[in-house]
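My plan was to look at the whole chain, then at a few single residues.

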Amino acid sequence: MRVSKEDLHQLIQTKIERAGLTEEHADIVADVLAFADARGIHSHGAVRVEYYSERIAKGGITNRPDFRFEQTGPTSGIFHGDNGSGHVAAKRSMEEAIRIAGKNGVAVVGVKNMSHSGALAYFVEQAASCDFVALSVCQSDPMVVPFGGAEDYFGTNPIAFAAPTDDGRMLTFDMATTVQAWGKVLHARSRGESIPPTWAVDADGAPTTDPAKVNALLPIAGPKGYGLMMMVDVLSGILLGLPFGKHVSSMYADLSKGRDLGQLHIVINPAFFTDIEAFKANMSEVLDEVTAVAPAPGVDRVYYPGERGRLREKAYEEQGIEIVDDIYEYLISDAIHFDNYDGKNKFAE
């Protein structure tokens with residue numbers, strides 16, 4: 001099924017509102033999810049609506065949270081999320097970070113007690129659209145084996161970065177610290193597709209190509225990914241006085257309880273370090289030079305980070321966004337509740 005971004009946004013918003021979120025907050029959630037699907041990040045798009053709706057309906061996400069921002073220093077602050085929608089908390093906290101960086105050059109804003117916030121690229125692009133540079137990291141529930149281990153301990157703990165140019169392009173980098181995000185496994189499962197053996201392991205710790213048998217994910221580049229996911233856990237968990245590592249709450253086990261997740265935004269105003277116009281011009285130049293690099297055999301050309309997502313978005317504007325039929329049927333139905341979780345951080349089949 002193909003739908004326009006606008007229609008998808010409305011379908012998601014309607015479902016999220018029906019689950020209990022306010023119109024204002026449901027609109028933001030829908031914006032973040034439609035953004036992900038439009039960029040081809042389907043693992044963080046409409047596939048998540050059923051889960052969010054169930055958690056909202058069961059009370060695991062506060063419908064009308066008491067958001068509060070506490071500025072702890074000239075360039076620092078804590079956004080208290082009251083277990084409200086993570087998408088809304090992340091967006092509002094990034095707005096605070098942008099405000100502080102605009103005045104003082106740098107901002108470091110932590111978000112405490114939030115729910116899952118979706119694709120981090122959305123939030124760093126908030127800052128880049130204001131001519132700022134941004135880095136955002138957040139924790140997730142344990143589903144990754146540490147390098148050399150046979151049991152999961154850390155989450156996929158993603159990292160996102162964005163920077164502006166002087167010609168409307170944007171460098172956007174958004175990655176899990178695993179070979180693939182858990183959402184990619186869910187996406188493969190929803191389509192009945194296999195996965196590469198380098199993505200994950202089964203209950204015995206052996207590589208698997210069956211997304212239904214995945215028990216834990218693998219860190220990207222072995223010890224390097226392991227170090228990065230630990231760094232993210234420190235910055236978005238321990239630094240904020242929140243649960244960390246294996247103590248982070250499960251995404252799927254008890255949907256009636258809040259998650260108490262953490263996220264950290266670092267925003268830099270280039271105007272405090274160099275001439276802003278020169279910075280943006282140099283950013284454009286580096287993107288031009290990178291994409292002009294001779295491609296390797298079998299590769300059409302070199303892309304800069306985030307470029308292919310924007311090309312997908314442009315294509316979807318003409319063709320519509322491809323949504324799995326089962327997900328579309330759920331979006332247009334009146335259903336909210338379901339019982340397809342196994343209580344172990346994963347969807348049951």
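With that, I looked at contacts in the protein chain between residues at least 6 apart in sequence, and 69% of them join residues at least 24 apart.

I noted the ground rules. This is a predicted model, where local features need pLDDT of at least 70 and side-chain atom pairs count only at pLDDT 80 or more, while totals for chains, interfaces and linings use all residues. Residues are numbered from 1 along each chain as its sequence is written, and side-chain values use heavy atoms, with hydrogens and water left out.

**Entry: the whole chain**

I looked up the secondary structure. The protein chain has 10 helices and 11 strands. Both are DSSP runs numbered from the N terminus: helices are H or I with at least four residues, strands are E with at least two.

Next I checked how compact the protein chain is. Its radius of gyration is 20 Å, close to the 20 Å from the globule rule for 349 residues, so the chain is as compact as a globular protein of that length. The radius is taken over C-alpha atoms, and the rule is 2.2 Å times the number of residues to the power 0.38. Along its principal axes, the C-alpha trace spans about 55 × 55 × 45 Å.

I then turned to burial. Of the 349 residues, 53% are buried. Buried means under 20% relative accessible area, exposed over 50%, partly exposed in between (1.4 Å probe, protein chains only).

**Entry: Arg169**

Where does Arg169 sit? I found Arg169 in the loop between β6 (159-164) and β7 (170-175). Its side chain makes a polar contact of 2.8 Å with the side chain of Asp167. Such a contact is a pair of N or O atoms within 3.5 Å; within protein, one must be able to donate a hydrogen and the other to accept it, and residues adjacent in sequence count only if both atoms are side-chain atoms. Leaving out residues up to four places away in sequence, Arg169 touches Pro164, Ser284, Leu287, Asp288 and Tyr304.

**Entry: two positive phi values**

I looked up Asp131 in the loop between α5 (121-128) and β5 (133-138). Asp131 is not a glycine, yet its phi is positive, about 70 degrees. Asp131 is partly exposed, at 25% relative accessible area.

Asp260 lies in the loop between α7 (223-236) and β10 (261-268). Its phi is near 60 degrees, again positive in a residue other than glycine. Asp260 counts as partly exposed, at 30% relative accessibility.

How values were computed. Contact means heavy atoms within 4.5 Å.
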